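Open the structure in your viewer and keep a selection tool at hand. The stops below say what to select next and what is there.

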Amino acid sequence: MKSAILVFPGINRERDMARALRLVCGREPAMVWHAETSLPEGTDLVVAPGGFSYGDYLRCGAIAARAPVMDAVRAFASDGGLVLGVCNGFQILCESGLLPGILMRNAGLKFICHDVHLRVERSDTPFTRGYNAGQVIRVPVAHGEGNYAADADTIRRLEGEGRVLYRYCSPSGEIGDTHNINGAAQSIAGIVNERGNVLGMMPHPENHVEDIMGCTDGRGLFAGLVAHLERAA
Amino acid sequence: MKARVTVTLKTGVLDPQGKAIEGALKSLGIEGIASVRQGKVFDIELDGDRTMAETALKAAADKLLANTVIENYRVEVLG
């Protein structure tokens with residue numbers, strides 16, 4: 001799998017992402033500067049990593065979403081290319097119009113930085129085929145604005161079309177206000193676009209891929225992408 | 001030419017920051033505060049006539065200054 005990581009000023013999780021991709025996919029990802037107008041030839045996966053692009057000025061991800069490279073990302077996505085946005089990357093994808101809705105300030109107003117449990121809602125997508133439907137995984141979050149919001153029609157469509165792939169839950173997989181760490185609509189942690197080739201999620205699967213991290217639950221996401229591409233090839 | 005773009009949250013959109021400010025105002029003992037919603041103000045200087053300015057500012061608000069999923073905006077050319 002040839003992956004490309006987008007690098008915006010203020011991003012700080014791009015190396016974690018590169019390490020995870022290298023480890024799971026066995027191939028060095030390309031780092032693509034925001035001012036570029038094209039992606040490397042043969043790219044299979046574009047990743048918008050976490051961090052604080054442009055210091056979260058104006059709205060999280062708002063300025064990065066208008067960077068020159070994003071036109072290339074939009075074209076790549078409209079050709080069916082796989083795009084993954086994590087944390088600030090999710091905010092960037094929402095601001096760029098690749099995903100619906102927006103990430104608002106956490107309902108409790110606090111920056112949340114700890115492990116959370118996620119329920120994988122289905123396994124028949126490129127972004128979840130490394131897991132079983134209903135499986136609970138443990139991955140870290142680190143965000144102040146992860147409270148997913150969208151109008152009622154959008155939420156209905158996301159639910160109706162099975163586009164919520166990851167939801168905050170209890171260690172045993174129950175969904176509810178107690179486990180919805182940031183107040184997100186429907187406990188949404190990750191959604192895909194209509195076509196299913198663009199995923200945005202607040203948690204950091206790239207930070208749970210090695211034994212030394214204490215957990216390897218995040219590997220499945222990347223391994224699933226590799227398996228998906230191998231199958232498609 | 002000077003102009004002002006005011007961006008406010010749409011009705012019904014939860015505003016945790018506004019709520020926190022509301023709580024702080026109440027704890028300061030300032031009376032009569034019913035509710036607070038936080039917004040943004042952009043003071044912008046630009047060239048051209050009024051019509052051009054209004055077109056440019058509307059484009060600026062639609063493309064960047066506001067996220068129309070959750071926000072409304074108002075453009076005022078102050079002259």
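Start with A:Asn180, which sits in the loop between β9 (164-169) and β10 of chain A. Keep in mind during the tour that this is a predicted model. Is A:Asn180 buried or exposed? A:Asn180 is buried, because its relative accessible area of 11% falls under the 20% cut-off. Show its surroundings and look for A:Tyr168 and A:Ser187, which A:Asn180 touches when residues up to four places away in sequence are not counted.

Now select A:Gly134, in the loop between β6 and β7 of chain A. A:Gly134 is partly exposed, with a relative accessible area of 46%. Leaving aside residues up to four places away in sequence, A:Gly134 touches A:Arg119 and A:Val120.

**Helix α3 of chain A**

Select residues 88-95 of chain A, which form helix α3. How many of its 8 residues are buried? The count is 8 of 8, and the helix is mostly covered. Stepping along α3(A), the buried residues are A:Asn88, A:Gly89, A:Phe90, A:Gln91, A:Ile92, A:Leu93, A:Cys94 and A:Glu95.

**The nonpolar cores**

In soluble globular proteins, nonpolar side chains tend to be buried together. Here the largest nonpolar core has 70 residues. To find it, select A:Leu6, A:Leu84, A:Tyr148 and A:Tyr166, the residues with the most contacts inside this core. Stay on A:Leu6 and display what surrounds it. Not counting residues up to four places away in sequence, A:Leu6 touches A:Val32, A:Leu39, A:Val46, A:Val47, A:Ala48, A:Pro49, A:Val69, A:Met70 and A:Val73. Apart from this core lies another, of 11 residues; select B:Val5, B:Val7, B:Leu46 and B:Leu57, which are among them.

**Salt bridges in chain A**

Over all chains, the whole structure holds 22 salt bridges. For one of them, show the side chains of A:Arg105 and A:Glu145, which meet at 3.0 Å, N to O. A:Arg105 lies in the loop between β5 (102-104) and β6 (112-120) of chain A, and A:Glu145 in the loop between β7 (136-143) and β8 (147-149), so the pair ties together parts that are 40 residues apart in sequence. A:Arg105 is partly exposed, at 27% relative accessible area, whereas A:Glu145 is buried, at 15%.

Next, select A:Arg157. Its side chain meets that of A:Glu161 in a salt bridge at 3.2 Å, N to O, and also that of A:Glu194 in a salt bridge at 3.2 Å, N to O. A:Arg157 lies in helix α4 (residues 152-160) of chain A and A:Glu194 in the loop between β10 (188-192) and β11 (198-201), so this pair ties together parts that are 37 residues apart in sequence. How accessible are the residues at this stop? A:Arg157 is partly exposed at 40% relative accessibility, A:Glu161 is partly exposed at 37%, and A:Glu194 is exposed at 60%.

Elsewhere, salt bridges that share partners join A:Arg59, A:Arg66, A:Glu95, B:Lys40 and B:Glu71 into one network.

**Where the chains meet**

Colour the two chains separately and turn to their interface. Here 15 residues of chain B are in contact with 12 residues of chain A. The area buried between the chains is about 1100 Å², with carbon and sulfur atoms giving 66% of it. Which three residues supply more of the area that chain B buries against chain A than any other three? They are B:Pro16, B:Leu64 and B:Asn67, which supply 41% of that area.

Between chain B and chain A the count is 1 salt bridge. Select B:Glu71 and A:Arg59 to see a salt bridge whose closest N and O atoms are 3.7 Å apart. Across the interface there are also 6 residue pairs in polar contact.

Finally, highlight α1 (16-27), β2 (40-45) and α2 (50-65) of chain B; each supplies at least two residues of the side that touches chain A. The residues of that side divide into 10 nonpolar, 2 polar and 3 charged.

Terms used. Residues are numbered from 1 along each chain as its sequence is written. Chains are lettered from A and ligands numbered from 1 in the order in which they are written. This is a predicted model: local features need pLDDT of at least 70, side-chain atom pairs count only at pLDDT 80 or more; totals for chains, interfaces and linings use all residues. Side-chain values use heavy atoms; hydrogens and water are left out. Buried means under 20% relative accessible area, exposed over 50%, partly exposed in between (1.4 Å probe, protein chains only). Helices (H or I, at least four residues) and strands (E, at least two) are DSSP runs, numbered from the N terminus. A nonpolar core is a set of buried Ala, Val, Leu, Ile, Met, Phe, Trp, Tyr and Cys residues joined through side-chain atoms within 4.5 Å. Contact means heavy atoms within 4.5 Å. Buried area is the accessible area (1.4 Å probe) that two parts lose on being put together, summed over both. A salt bridge is a side-chain nitrogen of Lys or Arg within 4 Å of a carboxyl oxygen of Asp or Glu. A polar contact is a pair of N or O atoms within 3.5 Å; within protein, one must be able to donate a hydrogen and the other to accept it, and residues adjacent in sequence count only if both atoms are side-chain atoms. Ala, Val, Leu, Ile, Met, Phe, Trp, Tyr, Cys and Pro count as nonpolar, Asp, Glu, Lys and Arg as charged, and the others, Gly among them, as polar.
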